[in-house]
Amino acid sequence: MQWSLFLLILMGQCSFFTCRLYEYHVIEESKTWKDAQTHCREHHTDLATVYDVTDMTRLRDSTKNQDEAWIGLYSNPGGDNRRWHWSLPGVEFNDRETEWGAGEPYNGQPRENCVWLNNKKLTDDECTNERKFICYDETKKKNKSFHLIDNQMTWPEAQNYCRENHTDLVSGRKQLKDDELKNKKQFWIGLFRDTWRWSDGSNFSFRNWEVFEDEEDDDDKKCAMTVSNGKWGSDDCNEIKPFVCYDDVVILIEKNKTWEEALTYCRKNHRDLVSITNLDQQRWVQEKAKEADTTHVWLGLRYTCTLGFWFWVSDEVVRHENWASDGEKDGCGMSAAMDTGGQHKWFKKAETEQFNFICSKR
């Protein structure tokens with residue numbers, strides 16, 4: 001085990017295979033949601049953002065001594081503000097690739113905010129209706145990736161079932177096009193829409209409601225909080241509660257520099273160019289990359305001609321890879337840059353090119 005990774009483990013930030021690029025801080029002083037947001041932005045990064053089930057567990061463990069605590073999720077009401085999300089973290093919604101049925105999505109009343117597959121076409125519906133559904137497994141430990149559940153449930157019940165017994169509801173165009181599903185008809189899928197946003201501007205789709213927040217209520221409960229069982233609820237944003245901030249340990253630098261210049265800048269002002277050693281880190285870094293004003297951002301991955309392999313400048317092991325299949329060969333004077341749009345793949349670029357870059361802060 002490398003010394004840098006060992007230090008992170010001692011700091012409680014990661015296990016050997018799951019290292020996060022951010023950490024939570026519970027603030028016991030009670031504030032309104034807006035004042036909590038201001039505090040977090042002044043002293044940390046922002047109010048807590050939650051990416052997936054692992055984050056949810058970390059957040060739940062952090063707040064186990066609090067009955068309620070604000071997090072960074074708030075509602076921006078209005079039909080035009082609703083956004084579609086896939087339930088499975090990391091799968092991004094692309095309307096251009098979504099095969100809706102005729103006249104869909106239909107903005108009916110009550111709100112039709114959940115989606116089912118109807119003869120290979122997507123149809124929105126009330127989330128409280130009951131249907132069969134399909135769960136997805138992230139790994140093939142159970143020898144298959146998809147599981148048709150014949151019991152009919154509401155969409156929130158189906159989502160909870162899949163997360164407890166598998167990974168999540170089937171999500172994304174790639175999964176829906178899988179051969180295993182070609183003869184399956186009329187089932188809930190992991191597509192939903194809502195008006196909830198994260199304070200830091202990230203578009204993460206993960207929700208963990210105790211009671212599914214589907215409708216645009218007439219009351220003032222527009223800010224999200226954790227509750228005693230680890231689930232989430234909502235309340236009037238003017239109520240005062242403890243809250244959870246997070247510290248981001250990576251930062252986007254919106255300066256155009258060569259790879260060597262970027263490396264020097266990170267080491268002088270922060271710690272190093274960022275390393276990506278697993279899928280969770282990839283997803284977090286790509287959120288930062290979306291805000292760049294160049295086509296790519298430099299990463300801390302470099303090719304050595306002498307030894308003939310790629311290495312992270314932070315001495316992390318290259319165990320996770322996300323290379324683009326562009327046919328570019330390894331070569332001297334090349335380093336890795338992440339695409340800031342599309343699929344956020346890694347590209348082999350000449351070190352003399354100039355891009356924004358991402359630094360690690362610790």
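Helices, of at least four residues, and strands, of at least two, are DSSP runs numbered from the N terminus. By that count, the protein chain holds seven helices and 21 strands. The radius of gyration of the chain is 22 Å, close to the 21 Å that the globule rule gives for 362 residues, so the chain is as compact as a globular protein of that length. The model is a predicted one.

**Overall form and surface**

- Taken along the principal axes, the box filled by the C-alpha atoms of the protein chain is roughly 60 × 55 × 35 Å.
- Of the 362 residues in the protein chain, 53% are buried.
- Contacts in the protein chain between residues at least 6 apart in sequence include 71% that join residues at least 24 apart.
- The protein chain exposes about 17600 Å², and 43% of this area is supplied by carbon and sulfur atoms.
- There are 49 positive and 64 negative side chains in the protein chain, and the centres of these two sets lie 5 Å apart.

- Thr32 is placed in the loop between strand E1 (22-31) and helix H2 (33-43).
- Thr32 counts as buried because its relative accessibility is 16%, and buried means under 20%.
- The side chain of Thr32 reaches the backbone nitrogen of Asp35 at 3.1 Å.
- Leaving aside residues up to four places away in sequence, Thr32 touches Trp70, Cys237, Asn238, Glu239 and Ile240.

**Backbone geometry**

- Most residues other than glycine have a negative phi, and most peptide bonds are trans.
- Glu104 and Pro105 are joined by a cis peptide bond, with omega at about -5°.
- Pro105 has its place in the loop between strand E4 (83-86) and strand E5 (114-118).
- Asn119, a residue other than glycine, has a positive phi near 55°.
- The loop between E5 and strand E6 (121-125) contains Asn119, which counts as partly exposed at 47% relative accessibility.
- His344 is not a glycine, although its phi is positive at about 55°.
- His344 lies in the loop between strand E19 (334-339) and strand E20 (346-350), and with a relative accessible area of 3% His344 is buried.

Conventions
Residues are numbered from 1 along each chain as its sequence is written. This is a predicted model: local features need pLDDT of at least 70, side-chain atom pairs count only at pLDDT 80 or more; totals for chains, interfaces and linings use all residues. Side-chain values use heavy atoms; hydrogens and water are left out. Buried means under 20% relative accessible area, exposed over 50%, partly exposed in between (1.4 Å probe, protein chains only). A polar contact is a pair of N or O atoms within 3.5 Å; within protein, one must be able to donate a hydrogen and the other to accept it, and residues adjacent in sequence count only if both atoms are side-chain atoms. Contact means heavy atoms within 4.5 Å. The radius of gyration is taken over C-alpha atoms; the globule rule is 2.2 Å times the number of residues to the power 0.38. Accessible areas come from the Shrake-Rupley method with a 1.4 Å probe; for residues, only the protein chains shown count as cover. Lys and Arg count as positive and Asp and Glu as negative; His and the chain ends are not counted. The place of a charge is taken as NZ of Lys, CZ of Arg, CG of Asp or CD of Glu.
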